[in-house]
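Student: Please take me through one part of this model in close detail. I would like the backbone and the surroundings described residue by residue.

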Amino acid sequence: MAALRRPEFSTRLTEALGAEVEVTLIDRAEAFVFVYAVGDVTSVGTAKAGVFAEGAARVVADQLIARIRGADVPAGYDGTGSCYIEFGRHEVARVDVDFFSMPGHPIGAFTPPTALIAAEKVLFASSRRARWFG
Ligand SMILES: Cc1cc2nc3c(=O)[nH]c(=O)nc-3n(C[C@H](O)[C@H](O)[C@H](O)COP(=O)(O)OP(=O)(O)OC[C@H]3O[C@@H](n4cnc5c(N)ncnc54)[C@H](O)[C@@H]3O)c2cc1C
């Protein structure tokens, strides 16, 4: 399996800004208040998964809107997210993970597989498809 590497464009961004900017917690690069990074390219400490990229993107959107409106900037990303696990026979389990409450030690809760969570997963997927593609 190929090693995960930070894409070249983030290095170019660093060069363009004329400073070493570590891609870190999205609300900590205070010198560049309108420059954000979310998702797999960052080193925020969550798993590289779509649900965490989406959670961070939602925070970025809220923070950008607040900055543009001159309002109080809401808190940064809390590092939480949920992942679904297929068990077959129309049953799905869910893991709710929290990466930041105990730095270096992700904590979480496992909800055993049920048909109810399978329905929740279907809704999770269809709601994203509707929002992204109309
Ligand atoms: C096989 C596989 C299965 C996965 N399964 C799951 C799962 O079940 N659940 C889950 O939550 N996550 C899953 N993931 C992880 C998930 O896909 C990623 O965490 C998520 O896509 C990260 O989103 P992102 O927007 O950060 O990056 P990406 O989705 O990778 O988007 C980055 C985009 O930037 C573009 N790009 C790159 N370089 C440049 C450039 N120089 N200029 C312009 N554009 C550029 C790329 O083409 C790409 O479209 C899976 C990943 C893989 C590989």
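Tutor: Start with R89, which sits in the loop between β1 (80-88) and β2 (91-98). Strands here are DSSP runs of E, at least two residues long, and helices are runs of H or I with at least four, each numbered from the N terminus. The model is predicted: local features need pLDDT of at least 70, side-chain atom pairs count only at pLDDT 80 or more, and totals for chains, interfaces and linings use all residues. Residue numbers run from 1 along each chain as its sequence is written.

Now the backbone. Most residues other than glycine have a negative phi. R89 is not a glycine, yet its phi is positive, about 50°. H90 also lies in the loop between β1 and β2. Its phi is positive too, near 60°, and H90 is not a glycine either.

Next, the surroundings. R89 counts as exposed because it has 8 C-beta neighbours inside 10 Å. H90 has 11 other C-beta atoms within 10 Å, so H90 is exposed.

Finally, turn to G55 in helix α2 (residues 50-69). G55 has 19 C-beta neighbours inside 10 Å, so it counts as partly exposed. Beyond its neighbours within four places in sequence, G55 is in contact with Y77, T80 and G81. Contact means that the C-beta atoms, placed from the backbone, lie within 7 Å.

Terms used. A residue is buried if 20 or more other C-beta atoms lie within 10 Å of its own, exposed if 12 or fewer, and partly exposed in between; C-beta atoms are placed from the backbone. Two residues are in contact if their C-beta atoms, placed from the backbone, lie within 7 Å.
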